[in-house]
Amino acid sequence: MESSQKREHAKARIINKSLEFVKSRSLEDFSVREVSKELGINIASINYYFSNKENLLGEVVKTVWNLISDKIEEVYQEEL
């Protein structure tokens, strides 16, 4: 796997685990420390990709928005 692919894979793993965390608990309880613990990586690795908690949560929100948009498009296409 190329380094850019590894980077994107690592980012996706962090985003997906963060999304799982938010879904199972809450946005208010979100913890980078807990996500890093569940992934078995250190917090510095998460900060390397996202700089801070707010940027990571921004990516989680974008992911949710894209899922919702895709579902809306799917429903719209079915109705045509």
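Predicted model: local features only at pLDDT ≥ 70, side-chain atom pairs only at ≥ 80, totals over all residues.
Student: Okay. Which residues make up the largest nonpolar core?

Tutor: General idea first: in soluble globular proteins, nonpolar side chains tend to be buried together. A nonpolar core is a set of buried Ala, Val, Leu, Ile, Met, Phe, Trp, Tyr and Cys residues joined through side-chain atoms within 4.5 Å. Buried means under 20% relative accessible area, exposed means over 50%, and partly exposed is in between (1.4 Å probe, protein chains only). Here the largest core has 12 residues: Ile 14, Ile 15, Phe 21, Val 22, Phe 30, Val 32, Val 35, Leu 39, Ile 46, Phe 50, Leu 56 and Leu 57.

Student: Which elements give two or more residues to this core?

Tutor: They are helix H1 (3–24), H2, helix H3 (43–50) and H4. H1 gives the most, with 4 residues. As for the labels, helices (H or I, at least four residues) and strands (E, at least two) are DSSP runs, numbered from the N terminus.

Student: Can we zoom in on Leu 39? Where is it, and what does it touch?

Tutor: Leu 39 sits in helix H2 and counts as buried because its relative accessibility is 15%. Contact means heavy atoms within 4.5 Å. Leaving out residues up to four places away in sequence, Leu 39 touches Arg 13, Ile 14 and Lys 17. Take Arg 13: it is 26 residues from Leu 39 in sequence, yet their C-alpha atoms are 8.2 Å apart in space.

Student: And what does Ile 46 touch?

Tutor: With residues up to four places away again not counted, Ile 46 touches Ile 14, Val 32, Val 35, Ser 36, Ile 41, Ser 51 and Leu 56.

Student: Ser 36 is on that list. Is Ser 36 buried or exposed?

Tutor: Buried, because its relative accessibility is 5%. Ser 36 is in helix H2 (residues 32–39), and beyond residues up to four places away it touches Ile 41, Asn 42, Ile 43 and Ile 46.

Student: Ser 51 was there too. What about its phi?

Tutor: Phi of Ser 51 is near 70°, a positive value in a residue other than glycine. Ser 51 lies in the loop between H3 and H4, and it is exposed because its relative accessible area is 53%.

Student: Let's go to charges. How many salt bridges are there?

Tutor: A salt bridge is a side-chain nitrogen of Lys or Arg within 4 Å of a carboxyl oxygen of Asp or Glu. By this rule there are 5. In one of them, Glu 38 meets Arg 25 at 3.3 Å, N to O. That pair links distant parts of the chain: Glu 38 is in helix H2 and Arg 25 is in the loop between H1 and H2, 13 residues apart. Glu 38 is partly exposed at 38%, and so is Arg 25 at 42%. Both belong to a network of salt bridges that links Lys 17, Glu 20, Arg 25 and Glu 38.

Student: Last one: which residues make the nonpolar surface patch?

Tutor: Patches are made of residues with over 30% relative accessible area and no salt bridge, where like charges are joined within 9 Å and nonpolar side chains (Val, Leu, Ile, Met, Phe, Trp, Tyr) within 5 Å. Accessible areas come from the Shrake-Rupley method with a 1.4 Å probe, and for residues only the protein chains shown count as cover. Here Val 64, Ile 68 and Ile 72 make a nonpolar patch of about 240 Å². Val 64 lies in helix H4 (residues 53–79), and counts as partly exposed because its relative accessibility is 31%.

Methods. Residues numbered from 1 in each chain as written. Heavy atoms only, no water.
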